[in-house]
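Good morning, and thank you for coming. Today I shall present one structure and go through it step by step.

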Amino acid sequence: MSQNLPPTGNRYSSERKNAGLRLVIEAGQPVADVSWQLGISKTTLQNWINKWETNPQTAYTLLTVEKRTQWESDQEELSQLRQENKILKKELALLRNQINH
């Protein structure tokens with residue numbers, strides 16, 4: 001009886017999962033179309049997408065090498081911009097303090 005049940009956990013290969021995510025996220029194809037093409041339910045594919053969106057590490061592992069490089073570059077730029085923003089806020093506070101005194 002239990003031999004006919006689908007395996008629990010990783011029912012679909014990581015290749016199929018990655019293909020589905022890439023088609024929806026990178027190529028912009030509709031979830032319904034991709035789920036039909038890959039023979040998976042829309043709910044399953046949407047669950048994968050939701051997990052991808054909420055877990056940056058998972059998102060990173062699904063990226064192509066080119067996109068990983070761009071992501072890393074973007075992260076470095078974001079960090080630098082945040083630091084610059086922090087400095088500018090401090091300078092603005094100092095200028096306001098000087099004007100008010």
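This is a predicted model: local features need pLDDT of at least 70, side-chain atom pairs count only at pLDDT 80 or more; totals for chains, interfaces and linings use all residues.

The chain has 101 residues, of which 16% count as buried. Its secondary structure consists of five helices and zero strands. If we take the contacts between residues at least 6 apart in sequence, 43% of them join residues at least 24 apart.

Let us turn to helix H1. With 13 residues at 1.5 Å a residue, H1 should span 18 Å, and its end C-alpha atoms are 17 Å apart, which agrees. Which residues of H1 are buried? They are Gly20, Leu21 and Val24. These residues cover an arc of only 95° around the axis, so they sit on the same side of H1. Another residue in H1 is Arg22. Arg22 has a relative accessible area of 28%, so it falls in the partly exposed class, which lies between 20% and 50%. Arg22 and Val34 are 12 residues apart in sequence, and their C-alpha atoms are 9.8 Å apart in space. Just after H1 comes Gly28, with a positive phi of about 75°.

The next element is helix H2, where Val31, Val34, Ser35 and Leu38 are buried. Viewed down the axis of H2, these buried residues fall within an arc of 100°, and therefore they line one face of the helix. The cover over them includes H1 and H3. Just after H2, Gly39 also takes a positive phi, of about 70°.

Helix H3 has 13 residues and reaches 18 Å from its first C-alpha to its last, close to the 18 Å expected at 1.5 Å a residue. Its buried residues are Leu45, Trp48, Ile49 and Trp52. Because they cover an arc of only 100° around the axis, they lie on the same side of H3. What does the face turned away from this buried side carry? It carries the exposed residues Thr43, Lys51 and Thr54.

The largest nonpolar core has 10 residues: Leu21, Val24, Val31, Val34, Leu38, Ile40, Leu45, Trp48, Ile49 and Trp52. H1, H2 and H3 each supply at least two residues of this core. Which helix gives the most to the core? That is H3, with four residues.

Trp48 deserves a separate word. Its relative accessibility is 9%, and because the cut-off for buried is under 20%, Trp48 counts as buried. Trp48 also takes part in the one aromatic pair that the structure holds. A pair of aromatic rings is described by the distance of the centres and the angle of the planes. For Tyr12 and Trp48, the centres are 5.6 Å apart and the planes are at 80°, an edge-to-face arrangement. Tyr12 lies in the segment before H1 and Trp48 lies in H3, so the pair ties together parts that are 36 residues apart in sequence.

That concludes my presentation, and I thank you for your attention.

How values were computed:
Residues are numbered from 1 along each chain as its sequence is written. Side-chain values use heavy atoms; hydrogens and water are left out. Rings of Phe, Tyr and Trp (its six-membered ring) pair if their centres lie within 6.5 Å; planes under 30 degrees apart count as stacked, over 60 as edge-to-face and the rest as tilted. Buried means under 20% relative accessible area, exposed over 50%, partly exposed in between (1.4 Å probe, protein chains only). A nonpolar core is a set of buried Ala, Val, Leu, Ile, Met, Phe, Trp, Tyr and Cys residues joined through side-chain atoms within 4.5 Å. Contact means heavy atoms within 4.5 Å. The expected span of a helix is 1.5 Å times one less than its number of residues. The arc is that of the directions from the helix axis to the C-beta atoms.
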